[in-house]
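The sequence and the coordinates come first.

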Amino acid sequence: QVQLVESGGGLVQPGGSLRLSCAASGTIFSIYAMGWYRQAPGKQRELVAAITSGGSTNYADSVKGRFTISRDNAKNTAYLQMSSLKPEDTAVYYCNADVRTVHRGVFWGQGTRVTVSS
């Protein structure tokens with residue numbers, strides 16, 4: 001089985017920065033795309049950013065120019081560098097990964113909370 005563990009969330013003031021990490025472990029043959037999603041209270045989960053195994057990225061319009069997704073394939077880890085944070089970025093952030101383990105499947109982490117408030 002595969003486990004994804006997010007870390008790096010917390011409380012930050014508007015305009016501040018945070019770096020989230022997502023480490024995948026278990027029986028992993030390869031990881032295809034990895035992504036960060038978020039879910040704010042009362043809202044649906046939405047894609048924030050995604051990155052392929054080759055490094056191609058895409059971002060939600062609301063975070064373009066402020067957030068950067070990256071990954072370290074040797075460590076099976078993805079990162080989300082968040083800058084110029086706004087109160088509307090407040091949410092639980094989830095990592096997911098498309099993984100070839102014994103079979104191929106999409107796995108999710110448990111989430112890490114980000115609160116942007118003064």
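## Loop and backbone torsions

Ser-84 is found in the loop between strand 8 and strand 9. The model is a predicted one, and in it Ser-84 has a positive phi of about 50° although it is not a glycine. Most residues other than glycine have a negative phi. With a relative accessible area of 40%, Ser-84 is partly exposed.

Asn-76, likewise not a glycine, also has a positive phi of about 50°. Its place is the loop between strand 7 (67-72) and strand 8 (77-82). Asn-76 is partly exposed, its relative accessible area being 24%.

Pro-87 lies in the loop between strand 8 and strand 9. Its relative accessibility of 45% makes Pro-87 partly exposed. The table sets out relative accessible areas for residues discussed in this report.

| Residue | Relative accessible area | Class |
|---|---|---|
| Arg-38 | 6% | buried |
| Asn-76 | 24% | partly exposed |
| Ser-25 | 36% | partly exposed |
| Ser-84 | 40% | partly exposed |
| Pro-87 | 45% | partly exposed |

## Contacts across the sequence

Beyond its neighbours within four places in sequence, Pro-87 is in contact with Pro-14 and Val-116. Between Pro-87 and Val-12 the C-alpha to C-alpha distance is 9.4 Å, with 75 residues separating them in sequence.

Ser-25 belongs to strand 3. Once neighbours within four places are set aside, the residues in contact with Ser-25 are Gln-1, Val-2 and Gln-3. For Gln-3, 22 residues away from Ser-25 along the chain, the C-alpha separation is 5.3 Å.

How many disulfides does the structure hold? There is 1 disulfide, and it joins Cys-22 to Cys-95 with an S to S distance of 2.0 Å.

Arg-38 lies in strand 4 (residues 30-39). Is Arg-38 buried or exposed? Arg-38 is buried, because its relative accessible area of 6% is under the 20% cut-off.

The side chain of Arg-38 takes part in polar contacts with two side chains: that of Glu-46, at 2.7 Å, and that of Tyr-93, at 2.9 Å. Residues up to four places away in sequence aside, Arg-38 touches a set that includes Gln-44, Val-48, Ser-62, Phe-67, Glu-88, Asp-89 and Val-92.

Arg-38 is also one of the residues lining the largest pocket, which has a volume of about 160 Å³. The lining includes Glu-46, the partner of Arg-38 in the 2.7 Å polar contact. Other lining residues, among them Gln-44, Ser-62, Glu-88, Asp-89 and Ala-91, are touched by Arg-38. Lys-43, Arg-66, Lys-86 and Thr-90 are also part of the lining, as is Ala-40. By class, the lining has 7 charged, 3 polar and 2 nonpolar residues.

How values were computed:
Residues numbered from 1 in each chain as written. Predicted model: local features only at pLDDT ≥ 70, side-chain atom pairs only at ≥ 80, totals over all residues. Heavy atoms only, no water. 1 Å grid on protein atoms, 1.4 Å probe; cavity = no way out; pocket = protein on both sides within 12 Å on 5 of 7 lines; lining within 4 Å. Points joined across faces, edges and corners; volume = space filled by probe spheres on them. Nonpolar A, V, L, I, M, F, W, Y, C, P; charged D, E, K, R; others polar. Disulfide = S-S within 2.5 Å. Helix = DSSP H or I, 4+ residues; strand = E, 2+ residues; numbered from the N terminus. Buried < 20%, exposed > 50% of the residue type's maximum accessible area, 1.4 Å probe, protein only. Polar contact = N/O pair within 3.5 Å; in protein donor to acceptor, adjacent residues only side chain to side chain. Contact = heavy atoms within 4.5 Å.
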